[in-house]
Amino acid sequence: MGYSHTVSAAAGWLALNHLGVVSVADTPSLVVTTLACAGAGMLPDIDHKNGSIAHSIPPISGWISGIVAAISGGHRKGTHSILGVLVFWAVAIGAQKLTYEGIPWISIFLAAYTGGLALRVLGAPGGWLGAVGLGYFAWVTDSLAVLPLAIGVGATVHIMGDLLTTRGVNPLWPLTLKPAFASRLWRKSGYMALPILGDAGSRREKALCLLLCGYILFVSAEILGFAPPLTA
Ligand SMILES: [Zn+2]
């Protein structure tokens, strides 16, 4: 589902900008933060040892994935909850504050890493080279100011995406609210789902992904001046 998570997070970020909920200063910052949000759309799956994040920068990413999985209780637990989103956001806020000689290196790394993840999933050539460029652009534009928000939105869209699959998530982790009457929407395990997409990787998921790609293309064309403005 890496591809779907990336595309839906990018679409979510563009939609928030489009609706005026978030306002990114200029087009270069919007490009950098959209890619960062898109990559952050995969962050919750850092709890999966066979996921693309765990294999992104071996062996370090594998170790981090193992540590996160141990702390967060395993796959689709802590990182797939409201608390998990707050932690991702708080890490990005903390990174903004940590500077060395005035440069927020960790924040730049976060922008480069998440954006680089998105580029890799989308099949951009050049491996991590694109990420280095994104890190540079994140620093010279106004991207870092909204980076924590972009990361929080990416993680939130991921959880919403998983919520739409059969397996569902427990957004209240570490609390487990058990239903009086178990159903597909709210199971005995406390997991909740609105399984309109069916199992992960279903045809419906691919159709939704295609629709979101269309939206991204449309908004991109508008930003680049190829299309008449969409009125939100
Ligand atoms: Zn997930």
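**View 1. Eight helices and zero strands make up the secondary structure of the protein chain.** This is a predicted model. Read along the sequence, its pattern is α-α-α-α-α-α-α-α. The radius of gyration is 18 Å, close to the 17 Å that the globule rule gives for 232 residues, so the chain is as compact as a globular protein of that length. Along the principal axes, the C-alpha atoms fill a box of roughly 55 × 45 × 30 Å. Of the 232 residues, 44% count as buried.

**View 2. Here is the zinc ion with its protein donors, Asp45 (OD), His80 (NE2), His158 (NE2) and Asp162 (OD).** These donors lie 2.0 to 2.3 Å from the zinc ion. If you plan to set up the site, note that the four donor atoms subtend angles of 87 to 174°, which makes the arrangement irregular. Along the chain, the donors follow the spacing D-x34-H-x77-H-x3-D.

**View 3. Asp45 and His158 link distant parts of the chain, 113 residues apart.** Asp45 sits in the loop between helix H2 (27–40) and helix H3 (60–72), while His158 belongs to helix H7 (residues 143–163). With a relative accessible area of 0%, His158 is buried.

**View 4. The largest pocket holds about 620 Å³ of space.** Its lining comprises 24 residues, and Leu43, Ile46, Ile64, Val68 and Phe88 lie nearest the centre. Helices H3, H4 (82–97) and H5 (105–121) each supply at least two residues of this lining.

Technical notes
Residues numbered from 1 in each chain as written. Predicted model: local features only at pLDDT ≥ 70, side-chain atom pairs only at ≥ 80, totals over all residues. Heavy atoms only, no water. Donors = N, O, S within 2.8 Å, 3.2 Å for Na, K, Ca; no water. Tetrahedral: all angles 85-135°; square planar, octahedral: opposite > 155°, others 65-115°. Helix = DSSP H or I, 4+ residues; strand = E, 2+ residues; numbered from the N terminus. Buried < 20%, exposed > 50% of the residue type's maximum accessible area, 1.4 Å probe, protein only. 1 Å grid on protein atoms, 1.4 Å probe; cavity = no way out; pocket = protein on both sides within 12 Å on 5 of 7 lines; lining within 4 Å. Points joined across faces, edges and corners; volume = space filled by probe spheres on them. Rg over C-alpha atoms; globule rule 2.2 N^0.38 Å.
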